[in-house]
Amino acid sequence: MLTREIAQAVVDAMRDDVGYSLNVMDHAGRIIASFDPTRIGSTHPGAIKVLESGEAVEVTADGPGVRRGINLPIVIGGERIGVVGITGDPDDVRPLARLVRTMVTLHIEREQTLHEESVERSRRVLLTERLATYTEAYPRLLIADAAEFGLVLTVPHVAVIVRGVPTATLSAVLGADPSVFSLLPAATGFLATDDDAAAPLLGRLIALGDDVRTAIGPSSLSVEESLRHAREASAAAAAIGLRRQIVAYREVDHLCAAATVEVPGRPRAIDALIQHPELLNTLRSLVRHDGNLAETAAELCIHRNTLTYRLDRITTLTGCDPHSVLGLLELVVDLVRAQTPIGAPKKGTPGR
């Protein structure tokens, strides 16, 4: 369909290039765009004749609803979708008529393409936003909408969250890989059928720089479930200072699960360290090195005695001894609880 918006955009674009007044009529012969706004909405008798015959119609004298000029059909995809009229003495505008018709047709095709691409982008955005939050069984219509974009919701997928990559760069990388489904802008990441399918793209992403971090959710029929757990894994890895570029939810699921459990009346031990970033950094380094004091001191570039002093300070402030397994575990869980958006699994049977 030739819309008024598209037609007026074409007329406006050609205003400075054509020395004669232009009108564009729709499939019913109504003027929907014109150099003369007072004519918009009126029916053009000459355009109706053009639409019926498919041939150019010349008007040699002004009359009711018409002015001298030439009217030609606009044909796109084998269909007469409208008419373009050039106002002026037919002898003067005849040499220009077909060229103008070609230019108008090309403009309309371009505008329609841009409009269709915009609609497709909007549909895709709505789809990804819906999938990112949908927790119930997928209705047939949603499954069909996803299939139009190459996403099969009847098979499990893994969600991958990406940090440290500009959105424009990530979009370009994802757009070049037909084996994955971009979750932009609903989430900074993508969907793949499994870890193996995600591996090649993960390799390209982490090669972009040492600051790139990715987290992989569990395989699930529910996009929301896998995406939620991928976010939890990403946040948990950041909370405890893991420097691994790829972390899977299954590697930190115990921490994420433990972080959801609140003990009534128990203060969060890690709160006492919020005002001591040096101690928090020391704790995260200790976790990264699996409690190895020598490696921790080396990474922090401090003497072993200084490390011992810091760990003792952590014990004094929190009541948890990082030298002990249980004390360190409590501190780690509190780190995750304090800095990650972890919540209880949502109800429902998503994706089934």
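User: Is serine 220 buried or exposed, and how should I read those words?

Analyst: A residue is called buried under 20% relative accessible area, exposed over 50% and partly exposed in between, with a 1.4 Å probe and protein chains only. Serine 220 has a relative accessible area of 8%, so serine 220 is buried. Please keep in mind that this is a predicted model, in which local features need pLDDT of at least 70 and side-chain atom pairs count only at pLDDT 80 or more, while totals for chains, interfaces and linings use all residues. Residues are numbered from 1 along each chain as its sequence is written, and side-chain values use heavy atoms, with hydrogens and water left out.

User: Where is serine 220 placed, and which residues does serine 220 touch?

Analyst: Helices (H or I, at least four residues) and strands (E, at least two) are DSSP runs, numbered from the N terminus. Serine 220 is found in the loop between strand S9 (213–216) and H7. Contact means heavy atoms within 4.5 Å; leaving aside residues up to four places away in sequence, serine 220 touches Pro156, His157, Glu225 and Ser226. A polar contact is a pair of N or O atoms within 3.5 Å, where within protein one must be able to donate a hydrogen and the other to accept it, and where residues adjacent in sequence count only if both atoms are side-chain atoms. The side chains of serine 220 and glutamate 225 are joined by such a contact, at 2.5 Å.

User: With which residue does the side chain of glutamate 232 make a polar contact?

Analyst: The partner is the side chain of histidine 229, at 3.0 Å. Glutamate 232 belongs to helix H7 (residues 223–239), and its relative accessibility of 3% means that glutamate 232 counts as buried.

User: How many residues of H9 are buried, and what span should the helix have?

Analyst: The expected span of a helix is 1.5 Å times one less than its number of residues. For the twelve residues of helix H9 (residues 277–288) this gives 16 Å, which agrees with the 16 Å between its end C-alpha atoms. Nine of the twelve residues are buried, so H9 is largely enclosed by the rest of the structure; among them are Leu279, Thr282 and Arg288. Just after H9, aspartate 290 takes a positive phi of about 55°.

User: How do I read strand pairing, and in what order do the strands of the open sheet stand?

Analyst: Two strands pair if DSSP finds at least two bridges between them. Five strands form the open sheet, in the order S7-S8-S6-S9-S10, with mixed pairing. Strand S7 (181–182) and strand S10 (246–248) each have a single partner strand and stand at the edges, so one side of each lacks a neighbour in the sheet. S7 runs antiparallel to strand S8 (residues 189–192), joined by two bridges, and phenylalanine 181 stands opposite leucine 191 in S8.

User: Which charged end sits over the ring of phenylalanine 181?

Analyst: A charge sits over a ring if NZ of Lys or CZ of Arg is within 6 Å of the ring centre and within 35 degrees of the ring normal. Here the charged end is that of arginine 124, 4.1 Å from the centre of the phenylalanine 181 ring.

User: Which strands pair with S5?

Analyst: Strand S1 (residues 22–25) runs antiparallel to strand S5 (residues 79–87) and is joined to it by four bridges, with valine 84 as the bridge partner of valine 24. Strand S4 (residues 69–76) also pairs with S5 in the antiparallel sense, over eight bridges, and isoleucine 74 stands opposite glycine 82 in S5.
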